[in-house]
Amino acid sequence: MQLINNTILFVKNQLTNAEGGHDWFHIERVYKNALLIAEEEDCDITIVKLGALLHDIADSKFHDGDEKIGPKTARIFLESQNVSENIISHVISIIENISFKGGNFEKKFNSKELEIVQDADRLDAIGAIGIARTFNYGGFKNRPLYNPNIQPNLNMSKEEYKNSESPTLNHFYEKLLLLKDKMNTETGKKIAQKRHDFMITYLSQFYAEWDGEE
């Protein structure tokens with residue numbers, strides 16, 4: 001489908017110099033996860049594909065917290081492709097409602113397509129790749145790996161979560177380990193459980209090495 005091919009080219013170009021955890025390869029993994037989940041769901045596959053490809057087109061974390069730039073960038077592109085307004089508004093709603101935002105974010109929109117893309121995005125935040133992305137971003141922000149004297153904050157507001165500078169390991173407790181129970185689809189839940197278990201094993205090994213026990 002030409003629209004999807006054009007979208008892939010657009011996203012690749014937009015994310016040429018993106019941070020390693022939010023680059024084209026992240027988008028590609030989310031896209032593949034979304035297609036896998038969509039096989040078991042009754043959904044509009046075009047909207048799923050576009051939502052997955054455009055969900056991080058201009059992440060607010062890398063644009064001074066501006067949450068409007070992503071939806072705006074996506075809309076301009078989709079309009080240039082003569083996409084119908086009902087599809088554009090649905091894709092924009094996915095982009096606006098997909099993020100974790102500290103877990104205290106009230107979704108203002110619901111659809112099966114959002115559920116699928118959100119699960120696909122969350123799967124890429126956990127497991128082996130999720131661990132790699134977490135430490136990559138922590139390094140990008142020059143955060144310490146771990147500080148036993150700084151406890152995770154499990155009750156952050158959206159703003160506190162966005163501005164947090166806590167050690168990278170705290171992010172496991174503030175987000176990654178919470179995602180398993182926030183999955184929307186059965187396929188997503190099944191894959192998430194396996195990746196969650198891997199993170200638990202990783203943390204056990206991390207603490208053992210930190211304490212000089214192994």
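This section describes aromatic pairs, helix packing and selected residues in a predicted model.

Aromatic pairs come first. A pair of aromatic rings is described by the distance of the centres and the angle of the planes. The structure holds eleven such pairs. One of them joins Phe-10 and Phe-77. Their ring centres lie 4.3 Å apart and their planes meet at 10°, so this pair is stacked. The cut-off for stacking is an angle under 30 degrees. Phe-10 belongs to helix H1 (residues 2-14), and Phe-77 belongs to helix H4 (residues 69-80). The pair therefore ties together parts that are 67 residues apart in sequence. Both Phe-10 and Phe-77 are buried.

Tyr-146 and Tyr-207 form an aromatic pair with another geometry, edge-to-face. The distance is 5.6 Å centre to centre, with 65° between the planes. An angle over 60 degrees counts as edge-to-face. Tyr-146 sits in the loop between helix H7 (127-140) and helix H8 (158-163). Tyr-207 sits in helix H10 (residues 186-210). This pair therefore ties together parts that are 61 residues apart in sequence. Tyr-207 has 24% relative accessibility and so counts as partly exposed. Both tyrosines also belong to a cluster linked by ring pairs. The cluster comprises Phe-135, Tyr-146, Phe-172, Tyr-202, Phe-206, Tyr-207 and Trp-210.

The packing of H7 with H10 was examined next. Two packed helices are described by the angle between their axes and the distance between the axes. For H7 and H10 the angle is about 55°, and the axes are 8 Å apart. That angle makes H7 oblique to H10. On the H7 side, the contact involves Gly-127, Ala-128, Ile-131 and Phe-135. On the H10 side, it involves Arg-195, Phe-198, Met-199, Tyr-202 and Phe-206. By class, seven residues of this contact are nonpolar, one is polar and one is charged. Phe-135, Tyr-202 and Phe-206 are listed in this contact and also in the aromatic cluster.

Phe-198 lies in helix H10. At 44% relative accessibility, Phe-198 counts as partly exposed. Leaving aside residues up to four places away in sequence, Phe-198 touches Gly-127, Ala-128 and Ile-131. Lys-194 is exposed, with a relative accessible area of 66%. Lys-194 and Leu-3 are 191 residues apart in sequence, and their C-alpha atoms are 34 Å apart in space.

Tyr-137 is placed in helix H7. Its relative accessibility is 14%, so Tyr-137 counts as buried. The C-alpha atoms of Tyr-137 and Glu-19 are separated by 7.7 Å, although the two residues are 118 residues apart along the chain.

Leu-123 is placed in helix H6. At 0% relative accessibility, Leu-123 counts as buried. Beyond residues up to four places away in sequence, Leu-123 touches Asn-33, Ile-37, Met-183, Gly-188, Ile-191, Ala-192 and Arg-195. The C-alpha atoms of Leu-123 and Leu-178 are separated by 12 Å, and the two residues are 55 residues apart along the chain.

Helix H5 (residues 85-97) has 13 residues. From its first C-alpha to its last, H5 reaches 18 Å. This span is close to the 18 Å expected at 1.5 Å a residue. The buried residues of H5 are Ile-88, His-90, Val-91, Ile-92, Ser-93, Ile-94, Ile-95 and Asn-97. These buried residues pack against helix H3 (45-54), H4 and helix H6 (112-123).

Backbone angles were considered last. Most residues other than glycine have a negative phi, and most peptide bonds are trans. Asn-82 has a positive phi of about 60°, although this residue is not a glycine. Asn-82 lies in the loop between H4 and H5. At 70% relative accessibility, Asn-82 counts as exposed. Asn-142 has a phi near 60°, again a positive value in a residue other than glycine. Asn-142 lies in the loop between H7 and H8. Asn-142 is exposed, with a relative accessible area of 70%.

Conventions. Residues are numbered from 1 along each chain as its sequence is written. This is a predicted model: local features need pLDDT of at least 70, side-chain atom pairs count only at pLDDT 80 or more; totals for chains, interfaces and linings use all residues. Side-chain values use heavy atoms; hydrogens and water are left out. Rings of Phe, Tyr and Trp (its six-membered ring) pair if their centres lie within 6.5 Å; planes under 30 degrees apart count as stacked, over 60 as edge-to-face and the rest as tilted. Helices (H or I, at least four residues) and strands (E, at least two) are DSSP runs, numbered from the N terminus. Buried means under 20% relative accessible area, exposed over 50%, partly exposed in between (1.4 Å probe, protein chains only). Axes are lines fitted to C-alpha atoms, for helices over the stretch in contact, and angles run from 0 to 180 degrees between N-to-C directions. Angles under 35 degrees count as roughly parallel, over 145 as roughly antiparallel, 65 to 115 as roughly perpendicular and the rest as oblique. Contact means heavy atoms within 4.5 Å. Ala, Val, Leu, Ile, Met, Phe, Trp, Tyr, Cys and Pro count as nonpolar, Asp, Glu, Lys and Arg as charged, and the others, Gly among them, as polar. The expected span of a helix is 1.5 Å times one less than its number of residues.
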